[in-house]
Amino acid sequence: MKKVKTAQELKSLQEEIKNSRDSEKPCITICAGTGCLTHGSQKLVDNFKAEIEKQNLKGKVEIRASGCHGFCERGPLVVINPQNIFYQRVGLDDAEEIIRETVLNEQIIDRLLYIDPVTQEKILHENEIPFYKRQMRLVFGMNGNIDPNSLEDYLSIGGYSALIKVLNGMEPEAVIEEIKTAGLRGRGGGGFSMGLKWEATRKAPGLPKYIICNADEGDPGAYMDRSLLEGNPYSILEGMLIGAYAIGSDTGYIYVRNEYPLAVKNITIAVGKARELGILGKDILGSGFNFDVVIVRGGGAFVCGEETALISSIEGRSGEPRAKYVFPSERGLHNKPTNINNVETWANVPLIINKGAEWYRSIGTENSKGTKIFALVGKINNTGLVEVPMGITLREIVYDIGGGIPKGRKFKAVQVGGPSGGCIPESHLDLPVDFDALSKVGSMMGSGGMIVMDDRTCMVDVALYFLKFLEEESCGKCTPCREGIYQMRLILERITQGKGKEEDIETIEWMGKAIIDGSLCGLGKTAPNPVLTTLRYFRDEYESHIKEKRCPAGVCKALITYTIDPELCTGCTVCAKICPVEAATGEKKEVHTIDQDKCIKCGACFESCKFDAVKVS
Amino acid sequence: MAEMVTVTIDGLKIHAPAGTTILEAATDANIYIPHLCSNEELAPYGACRLCMVEITQGERARLVASCIFEVADGLEVKTNTEQVLDVRRLVIELLLARNNKHPVLLKIADELGVKETRFPVEQKGCILCGQCVRTCREVVGVSAIGFSGRGITRKIATPFMEAPPDCIACGSCVYVCPVQVIPMKEKNGIRTIMKYDYPMQKCRKCGQYFAPKKQLEYFSKITNLPLEHFETCVNCR
Amino acid sequence: MKTRVKKIIDKYHSDKGFLVPILQDVQREYNYLNREALNLVSAFLEVPISQLYELGTFYKAFSLEPRGRHEMKLCTGTACHVRGAPLIKDNIERILQIQAGETTPDLEFTFETVNCLGACALGPILVVDGEYHGNLSISKTNRILKKLGKKVKIDEES
């Protein structure tokens with residue numbers, strides 16, 4: 001592509017590309033986001049391409065590998081246009097059939113359609129599927145329409161229109177006003193007003209100014225940022241360009257988690273192409289504005305998602321946070337004014353500029369505007385990434401979009417906000433998704449991880465899980481976090497082993513408060529949240545573990561026993577064969593037993609028994 | 001001349017130059033705030049969290065580390081609220097779980113009314129205040145030792161847990177450690193710090209051992225003066 | 001080795017701020033943070049070796065020990081945890097006789113846990129040498145390990 005030197009040239013290029021695209025031309029989009037790649041979708045993409053070659057259809061049928069479509073539970077996903085037919089659970093060898101039947105003969109392949117579990121209806125189009133119907137995929141929806149490595153695709157859907165609008169006659173202060181008015185709050189967990197941050201950084205004395213995109217998505221169970229960066233890297237670049245212009249920065253950093261090689265690859269390609277086009281570099285679109293981006297990979301440390309630790313990391317040091325008595329907007333990277341925002345927050349910027357702050361304000365609640373992308377995972381039927389307007393209730397997300405709990409089990413709690421957040425029980429399911437509403441019940445919006453739990457989830461075990469995670473990820477600088485989380489973990493471990501003491505709950509509550517008050521950074525300050533919220537809503541479970549030495553959910557190894565129900569056992573010997581310590585024994589066709597002295601509670605027998613004869617108590 | 005500001009600490013009006021930390025201002029006014037990781041010679045670190053105080057700026061009251069937070073006009077500081085004391089009590093109990101022997105820690109515990117730690121004691125000695133590492137880096141300038149690991153596995157370490165190649169055996173780390181857990185001894189012309197030996201230099205004039213050879217080599221390197229220049233002890237110069 | 005390390009340093013314009021990416025490249029080049037390479041980086045960039053040791057032991061991405069021929073990464077993100085990852089972890093540790101984060105003495109296997117691979121719909125997940133294995137069960141894990149040469153009992157029927 002030729003370099004564009006003015007806004008007009010970019011606009012013309014956009015038009016040219018739009019006009020060159022034939023919307024009637026058959027286009028097969030295969031989801032190649034991480035979830036579907038794990039299902040093997042790369043092979044599917046290759047098969048489609050090979051079939052097109054074989055049938056001499058090159059140029060007549062488009063094959064596009066796109067980023068994540070969100071419905072990870074049903075991958076591999078394929079969308080056929082112009083009919084907008086949605087195929088799910090596509091087999092890796094179905095390429096030939098799809099081309100022959102649907103593309104050439106306009107026949108629907110029934111077995112690949114989504115069937116509504118309630119009405120048993122077969123659904124043809126994506127937006128009619130319950131999972132998608134209740135969503136508002138303003139930011140994430142674009143993924144399905146573009147190949148993340150194609151700048152032309154992004155331009156064809158109007159990409160960089162916001163940049164054109166800004167550089168074509170908006171003053172930096174006006175841009176900041178627009179973002180402030182829109183009410184966009186940080187999507188990484190902090191929920192701070194992006195507009196105010198930009199303003200503070202702009203006003204702070206000192207040059208150069210830096211902007212940073214925090215793509216160190218560390219919450220276990222959250223992968224929204226990854227899918228955005230992998231599926232639509234140009235939207236983030238566009239957001240950063242606009243932000244840099246507004247703030248007066250000429251250098252941006254994109255800090256990507258080490259564990260996301262595909263995201264690094266795609267953003268690197270996007271940056272390269274943006275430079276080629278001339279929208280990164282010097283004198284962008286002839287406006288005199290210079291900006292370029294450096295991509296940095298994390299080293300594998302959750303704490304580096306905390307902005308001051310991230311800055312330390314970029315400075316070549318270990319991820320030790322600093323006290324935020326002086327904000328990074330005043331003294332950040334290399335002690336210069338620095339603005340850090342999360343991937344999703346940056347991705348919202350072009351939307352606001354294109355459609356206006358007033359439009360954005362019409363979505364969401366009083367204090368939480370716009371949409372939020374959540375990773376809906378755990379004990380849920382429709383696992384995937386969902387984008388919903390702020391204000392939608394948790395119940396709607398879990399049941400209407402998520403399809404409820406699998407295997408007919410009962411909902412117990414949903415963990416929102418990852419290791420810094422809290423669990424929310426059934427009694428609060430009608431809570432609106434809103435920064436303040438979630439904080440009020442002890443949780444927080446967080447980055448978007450939403451983990452659903454059923455009655456077979458032990459809440460003490462969940463609290464212990466998060467403590468272990470944070471213990472490993474703590475940087476170790478300050479005492480309350482380093483030692484406090486460790487000691488709290490020891491206490492919870494004792495409780496799950498049936499060695500809990502009466503005073504443990506009081507101790508945990510006292511420790512929790514002091515750790516929140518005394519820790520240096522956000523990691524420590526929010527570390528007690530999972531423990532404190534599980535205590536708040538599931539105190540009886542803790543008490544069962546401590547007083548009765550019992551795990552009601554049947555999870556804590558030391559408190560459960562695996563036994564074989566003699567009524568149900570058929571003597572098939574499968575459990576005996578798989579038991580690693582020969583605790584399960586029995587003769588063929590005779591009732592088997594488990595020797596409790598030998599049993600190591602590995603769960604292999606429970607998993608393998610086809611007759612439900614192995615019981616957990 | 002730095003601008004002076006007025007802050008109130010525990011009801012007492014104090015004037016201090018802008019840029020001073022609350023801890024410094026309090027210490028100058030003879031108000032005691034316990035602390036373990038701060039040191040006048042070193043940049044504020046804020047790791048031990050013993051020095052937490054409650055401040056009020058405008059309407060908001062919150063807890064901050066007084067060794068880092070700088071005074072500002074109109075700042076109101078309270079050094080002994082229950083909330084503050086609870087943090088200190090947790091911190092000292094956590095530290096006692098690493099070292100329940102050193103008088104410095106026992107004294108702070110006693111002041112806070114903490115008789116013993118409720119946590120299981122695993123004697124580690126080091127309280128990870130970082131003064132040794134920071135001194136070696138900021139004052140001595142050789143960064144012979146550093147931290148290793150993270151979280152609860154964080155330790156003061158020599159590179160690869162072996163003899164530190166950049167150490168000049170000055171002993172600053174030994175002196176600065178508040179709980180005196182870095183061992184140093186001298187015998188037969190050898191200084192041993194931790195478990196590493198450093199031969200001492202004999203004075204050219206009086207023949208007494210007076211400094212580690214490595215330290216003199218370091219001086220020679222940074223001043224560009226010949227080594228012989230440093231091989232005489234202070235008394236004989 | 002000197003030339004290879006110098007090449008990496010030059011790629012980042014000898015900028016100390018790029019220490020972490022430089023070490024990542026060294027790790028990729030030698031399969032671990034080779035000590036000689038670290039000493040060279042220290043000399044080239046005039047950065048104390050203690051700082052490099054600190055970085056090498058702080059970030060999980062780095063290994064100061066040679067890694068195994070097969071890299072196994074088990075996702076222990078919350079979704080996978082809730083779906084049974086801990087039992088899979090115990091199983092692998094028992095079979096390989098090492099703890100997560102370690103390498104077997106014969107340098108065949110390195111087993112690690114990772115926090116969220118972003119494929120939660122298929123949890124629990126194990127990545128073996130870059131290949132994703134989802135919907136893990138204990139039997140499935142055993143089968144994978146057997147294929148890689150470990151002696152395990154597998155459920156012949158499932």
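Mentor: Start with a salt bridge: E320(A) pairs with R154(B), and their closest N and O atoms are 3.1 Å apart. Keep in mind that this is a predicted model.

Trainee: How many salt bridges are there across the interface of chain A and chain B?
Mentor: The rule finds three. Between these chains there are also 18 residue pairs in polar contact, with both residues at pLDDT 80 or more.

Trainee: Which helices of chain A supply at least two residues each to the side that touches chain B?
Mentor: α18 (459-473), α19 (479-496) and α20 (504-518). By class, that side of chain A has 13 nonpolar, nine polar and nine charged residues.

Trainee: And how many residues are in contact there?
Mentor: 31 from chain A and 34 from chain B. Together the two chains bury about 2700 Å². Carbon and sulfur atoms account for 57% of that area.

Trainee: Switching to chain C and chain A. What area is buried between them?
Mentor: About 4100 Å², with 56% from carbon and sulfur atoms. Chain C brings 43 residues to the contact, and chain A brings 64.

Trainee: How many salt bridges between chain C and chain A?
Mentor: Two. In a salt bridge between these chains, K557(A) meets D90(C), with the closest N and O atoms 2.7 Å apart.

Trainee: Which helices of chain C each supply at least two residues to the side touching chain A?
Mentor: α2 (19-30), α4 (49-58), α5 (78-82), α6 (85-96) and α7 (138-147). α2(C) gives the most, with five residues.

Trainee: New topic: H70(C). Where is it found?
Mentor: In strand β1 of chain C, residues 70-75.

Trainee: Is H70(C) buried or exposed?
Mentor: Buried, because its relative accessibility is 11% and the cut-off for buried is under 20%.

Trainee: What does H70(C) contact, leaving aside neighbours within four places in sequence?
Mentor: E108(C), F109(C), T110(C), D129(C) and L148(C).

Key. Residues are numbered from 1 along each chain as its sequence is written. Chains are lettered from A and ligands numbered from 1 in the order in which they are written. This is a predicted model: local features need pLDDT of at least 70, side-chain atom pairs count only at pLDDT 80 or more; totals for chains, interfaces and linings use all residues. Side-chain values use heavy atoms; hydrogens and water are left out. Contact means heavy atoms within 4.5 Å. Buried area is the accessible area (1.4 Å probe) that two parts lose on being put together, summed over both. A salt bridge is a side-chain nitrogen of Lys or Arg within 4 Å of a carboxyl oxygen of Asp or Glu. Helices (H or I, at least four residues) and strands (E, at least two) are DSSP runs, numbered from the N terminus. A polar contact is a pair of N or O atoms within 3.5 Å; within protein, one must be able to donate a hydrogen and the other to accept it, and residues adjacent in sequence count only if both atoms are side-chain atoms. Ala, Val, Leu, Ile, Met, Phe, Trp, Tyr, Cys and Pro count as nonpolar, Asp, Glu, Lys and Arg as charged, and the others, Gly among them, as polar. Buried means under 20% relative accessible area, exposed over 50%, partly exposed in between (1.4 Å probe, protein chains only).
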